[in-house]
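Here is a short tour for anyone meeting this structure for the first time. Have a look at the chain below, and then we'll go through it piece by piece.

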Amino acid sequence: MRAEQVTAAVAEHGEGPVWWPAWGGLRFVDGSRGDVLTLLPDGDVARMHVDAFTGFLRPRSDGGWVVGGEHALLGADDPQAVPTPLVPLLTDPAIRLNDAGTDRAGRLYAGSMAYEGTADAAQFWRITGAVVRVQFSPVTISNGFDTSPDGSLGYYVDTATGRVDMCDVTADGLVDRRPFAVIDPTLGHPDGLTVAADGSVWVALWDGHGVLGFDAAGVLRERIEVPTARTTACAFGGDDLRTLYITSSRQGLTDDPLAGALFAATPGVAGLPVTPYAG
């Protein structure tokens, strides 16, 4: 299966796509520019500058939204308004926020990484309101997180491990972290991920030209080819949640005219509606 190009190369470092009807469909971040991009019906994007870096975004259950800025969780009551600081998370200028996700109870799980990719310099937290608890530490490049359809299992990527891990989701957070799928390094490095309604797990591959689809048992079932190397994250969208949107980066790929574009594929499964952050 091959993904189709949706936009021009609009992002320096595209990441974190989220489909949410209340804000008009698909939004994603252009991390290194500190922007949030909204996909428009004509395939162009609207751009909102937020911070020195943007790592992720999620709707809030109260109708607003949150964005992972460079060092803090940002939020606004109006999803059309520029978010302002809510929860400080980092003080070291060498470390920034990266990817995040919510569990089915609306708790936010967010991680960090060093700008230089320094090993074991980062953490992965659970955020509930102003309460922040460490879930995994240390980590190197904290990336995708999502949960199974019933909410009992969490799937997590620390890119440096070369695998997708799974864990049990409890009232006290994530426990019993264990391997779910090991990615052959010749295929690329695991980055962002999303879980479909059938329990399959879809993983974007940095330097891998695509996305891998694993069934709920961790068996590789599908490969979606993307015509640029640095795919970063994926999320289901569209009115029926059957379109898999795929972001990409042009960091280090300045001669590739497709790097930084948004792509889409229809892998034959439906996604799950994103759970808003309850904080």
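Which residue in strand 5 does Leu39 stand opposite? Leu39 faces Val45 there.

## Before we go on

What you see is a predicted model, where local features need pLDDT of at least 70, side-chain atom pairs count only at pLDDT 80 or more, and totals for chains, interfaces and linings use all residues. Residues are numbered from 1 along each chain as its sequence is written, and side-chain values use heavy atoms, with hydrogens and water left out.

## A hairpin

Back to that opening pair of residues. Strand 4 (residues 35-39) and strand 5 (residues 45-49) run antiparallel and are joined by 5 bridges. Strands here are DSSP runs of E with at least two residues, numbered from the N terminus, and two of them pair if DSSP finds at least two bridges between them.

Together, strand 4 and strand 5 make a hairpin, with 5 residues between them. In the turn you'll find Gly43, which has a positive phi of about 90 degrees.

Next up is an open sheet: 4 strands in the order 10-11-12-13, with antiparallel pairing. Strand 10 (95-102) and strand 13 (131-139) are the edge strands, each pairing on one side only. On average, neighbouring strands of this sheet are turned by 25 degrees against each other, direction ignored; the axes are lines fitted to C-alpha atoms, and angles in general run from 0 to 180 degrees between N-to-C directions.

Inside the sheet, strand 11 (residues 108-114) and strand 12 (residues 122-128) run antiparallel, with 4 bridges joining them. If you want a spot to look at, Leu108 has Ile127 in strand 12 as its bridge partner.

## Rings that pair up

Now for the aromatics. A pair of aromatic rings is described by the distance of the centres and the angle of the planes. Rings of Phe, Tyr and Trp (its six-membered ring) pair if their centres lie within 6.5 Å; planes under 30 degrees apart count as stacked, over 60 as edge-to-face and the rest as tilted.

The structure holds 12 aromatic pairs. One of them is Trp19 with Tyr245, stacked at 6.1 Å centre to centre with 5 degrees between the planes. Trp19 lies in strand 2 (residues 14-20) and Tyr245 in strand 23 (residues 243-248), so this pair ties together parts that are 226 residues apart in sequence. Both Trp19 and Tyr245 are buried, where buried means under 20% relative accessible area, exposed over 50%, and partly exposed in between (1.4 Å probe, protein chains only).

Phe124 and Phe136 are stacked too, at 5.6 Å centre to centre and 15 degrees between the planes. Phe124 counts as buried because its relative accessibility is 0%, and Phe136 counts as buried at 8%. Ring pairs also link Tyr109, Phe124, Phe136, Phe145 and Tyr156 into a cluster.

## Charges over rings

Elsewhere, the charged end of Arg27 sits over the ring of Trp65, 4.7 Å from its centre. To count, NZ of Lys or CZ of Arg must be within 6 Å of the ring centre and within 35 degrees of the ring normal.

How many disulfides does the structure hold? There are 0, going by a cut-off of two cysteine sulfur atoms within 2.5 Å. Cys167 counts as buried at 1% relative accessibility, and Cys234 does at 4%.
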